[in-house]
Structure formats: structure tokens, C-alpha cells
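Open the structure in your viewer and keep the selection tool at hand. The stops below go from the surface to the aromatic side chains.

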Amino acid sequence: MRESFKLRNEDWLERATIFDIQKAMNNGDLTSLQLVSRCLEYIAKQNHAGMNINAVLEVNPDALQIAETLDAERKLRGMRGLLHGIPVLLKDNVETADRMHTSAGSLTLADHYASEDATIVHKLREAGAVIIGKTNMTEWANFMSMKMENGYSSRGGQVLNPYGSQFDVGGSSSGSAAAIAAHFATLAVGTETSGSILSPASQNNVVGIKPTVGLVSRAGIIPLAHSQDTAGPIARTVTDAAILLGAMTGQDDKDMITHTSRERSFQDFTTYLNPYALHGARIGVCRTLYLNGLPDGQRAVMEKAIEDMKEAGATIIELESISPMEMDTKWDYNVLLYEFKSDLNAYLKKLHPSLPVHSLADVIQFNEEHEDKALKYGQDILIQAEETSGTMTEPAYIESRLRDLQLSRTRGIDVVMEEHQLSALLFPNSNGAGIPAKAGYPSITVPGGFTPEGEPVGVTFTGQAYKESTLVSLGYAYEQLTKHRKPPEFKG
């Protein structure tokens, strides 16, 4: 490595996008081995030492050799693409057919080795990414107990927010977001059912994209609820998140919903990185329901974000509501409750016979038998889910599913956006995430600043199905206009 390139220069690492990293690698100033090594140094200093962030659950023992192999390939044949040699962390519910486990944070699956890569992992490996490790998460994607703390799992313990342990780390992709904030990798994959990418990304001052359900295959990912589950990227910049998103998209016969993305998706979202996208944009804001009740510091951040957008040429449309769900006394989580048992049983029954669990009932029994280690916060949601039939024939499930679609889509986001000709809806953090989650619609969250106490606040844009390109444009324009992203201050 030439002396002119200072890998240990934290300022360069903080500013560098994947475009910058690839330029340095192609110039011979940087190698994947050096970059992966640097990430491992950060993990060594801050994961179980230093600030004890506890974001990385497991390191890939082959990561350094994979990086070295990819460096050799680059010299011989050039780079495969923008992810060649880039370190990526995966949430612990994403299967990898290697020497790492896949457990969803549960002790019941602590010894589970997947027999094949998840579809998205196969895509990332083909693109040349270095899968550097697995991240801790809120156990069972935060669908275990109403008392569960964000970022806690019985297998991994508690993830801490690198901006201050007093702040919520968000969930359930807690480790993925905290790890990216702390420079444990260049990119991370999270999953979301209802806010699980947007929440931790907002709380950790990073970018998160929750795609349309159908844009990214879920095959090989431990499920929560098939009607709402999706994987998505977490990164320090919109540029990097857009690159990772493009690498994960595509149709997959193992996940039939992905065929709805045909001719509506892209493999290169970087063409939508438009710094002027806010000019002429129409952004819908419902202050009464989503801003007025915020703590003063968070509300001030959002009001400043709105003013910044106006100055950039956006028109802010004041809305009375987004969906009838907001005033609906029948709002429930029946869809998740019923689908969880059916989807998890289907997943667990395929696992190796040596594992202790092959059904939700087995999980509950195992936890009861290991109560001291497995049930710090209880398992009331698991028990509720087990009480359903698992066939999803119950009127309560069918009625809730149809009602969710109607209120979130046809009487919600679709009608509001079309009536007001909106480019996107605006929310603070993951507030309001439940509506696009039930609709299966996309969102992007971008760093919006900090409260006076130092807590990060995310600015979130939401759109209609397969409008990721618009959201990437708006998120990038806002990011470039404000540049609120800053690294945590490590002590020790």
C-alpha cells in the first residue's frame, strides 16, 4: 500500500463511500484484506471491549482469506462490481452455508448451521462481497415478549447504542445498525416486518432502506410474517445503501412474491442519486399525528428538516391523516400472530434432527426448561402465537389481513399520495412505520440530526409500491443538503 493512502485516517474512512473504496482498491492504494482487517480491529476494540457495543454476534472465520482471494482475483481479472472486496455483516436470521450459525438470537438455535446460503447471501457472494460476520438482534425479530428490550437476545445479550448506552438502540436489526455506525463493516443487511430496519437505523445515525415486499427474496431468512417480512440494506450513506439494495434485488422461484417486481425493480439504484431531487418534490406531512407529540428535541429536528426541504425547492403538503388506521380502535397485530406460527413451524421442521426445536411449541418448551438463560423478558407473544391454529383459517386472521390491506393501501397511502400528487410521505424515525409495513410499501430513513442530549433522529420518507428509486433520490438529496451523519465518539 502506498504511503499516500492513509487507511488509519478515521476521517477518510468516515467520508468514504463504496465508490471511493473501489477507486482506492483499483489504484492499488487499498486492498480488501486491509479493509476487512481494519473492520476487525474496530470489532476487537469496541464490540466486547471499549464501549462494549455487543453488535457483532459472530465473526466469519474465513473472512480474511476470502478478502485475500478476492484481492488476487482483482489483480488477475479486475473487479466483479461495486461490492468486490467490500465487508458486509448479516443479521443473525439470514442463513449462511459456512462456519457461522443462524439463530435469530435464540438459544434454541445456537447450534444451527444452515445447509445453504439465503438467496440474498448467494447474490452478495457472487457480487464479490466479503461476509464478515453475523449481527446480534432483538430475539425472534422482537416477536417474543411485550417486555423485550430492543437489541436483546438470549444468545447474544444486549446491543448498545454507540452514541450513548442511555439511548434506545432500536430493533430488531439492532446489531446491524449499531455495527455500521461503529465501523464494524462497510455494509449490513437487516430485516423488517414493522419498523425493524427503520427504527435502529434512525437510532444509530445511519441510513436504512425497507424495500417493497417482493423486491428482495426472503428465501433462507428465518421468518416472522410472510405478508410483511423483507430484508434491506443498512449503511452510513445513501450511496452505499443504494448499491447494496441493487445487489439484492431480483426474482426468485423460492419466494414467489418477488415475481411482482418484474419490470418494476432495478439492479442499479445509483442512477437515482440526484442531489436536486427535492426541487419540485411534493412531501406530505401529518404534523398533528406524527410531529406534535414528539419530545421537544426530536420535534425541533423534524421542523428543521422540513424547512431545509422547503429551501431546497420542495412543497410541503399538510395532511390531516395518512390512513384510517390511525384512528382505528380495531388496530391489531393478528396478521403477525397467526402468520408467525405457520411460517416458523414450516421453517423449523426442515432443520437438522439433532437440533432441540422443530416447532414453535418446541421453542416454548425449551425456553421454559432453560428459564434462567432464555426467559429474561418472558415469552408471552410466543405463547399467544402458539394458541392459534397455525392454519390461518381463523376469521380473525383473514379479516385482519384484508382490513390491513384496505386501510393501509387503497384507503390509506395510495389514496393520499394520489389525491395530493405526493412524491413521498415524511415521518420521524420509525413513527408511522406500521402503515407501510401492513401495505408492504417501501421507506428510507436518513440521518436528520441530534437532540440536545445527543440522541440521533432519523428523517424517513415513505412511498408507494416499488418507488424505491424516488425514495433513494429524495433521501440522497436530503443527505447531501444537510450532511447530518457524524461518527460516534469512542472512549477507550
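Keep in mind that the model is a predicted one.

Is Asp372 buried or exposed? Its relative accessible area is 69%; exposed means over 50%, so Asp372 counts as exposed.

Next, turn to the aromatic rings. The structure holds nine aromatic pairs. Select Tyr152 and Tyr377: their ring centres are 5.1 Å apart and their planes stand at 80°, so this pair is edge-to-face. Tyr152 is in strand S4 (residues 152–153), while Tyr377 is in the loop between H14 and helix H15 (380–386). The pair thus links distant parts of the chain, 225 residues apart. Tyr152 and Tyr377 are both buried.

Move on to Tyr290 and Phe427, an aromatic pair that is also edge-to-face, with 4.9 Å centre to centre and 85° between the planes. Which elements hold these two residues? Tyr290 belongs to helix H10 (residues 287–290) and Phe427 to strand S11 (residues 424–428), so the pair ties together parts that are 137 residues apart in sequence. Both Tyr290 and Phe427 are buried.

For the last stop, select Phe143, Tyr333 and Phe340, which form one aromatic cluster.

Notes. Residues are numbered from 1 along each chain as its sequence is written. This is a predicted model: local features need pLDDT of at least 70, side-chain atom pairs count only at pLDDT 80 or more; totals for chains, interfaces and linings use all residues. Side-chain values use heavy atoms; hydrogens and water are left out. Buried means under 20% relative accessible area, exposed over 50%, partly exposed in between (1.4 Å probe, protein chains only). Rings of Phe, Tyr and Trp (its six-membered ring) pair if their centres lie within 6.5 Å; planes under 30 degrees apart count as stacked, over 60 as edge-to-face and the rest as tilted. Helices (H or I, at least four residues) and strands (E, at least two) are DSSP runs, numbered from the N terminus.
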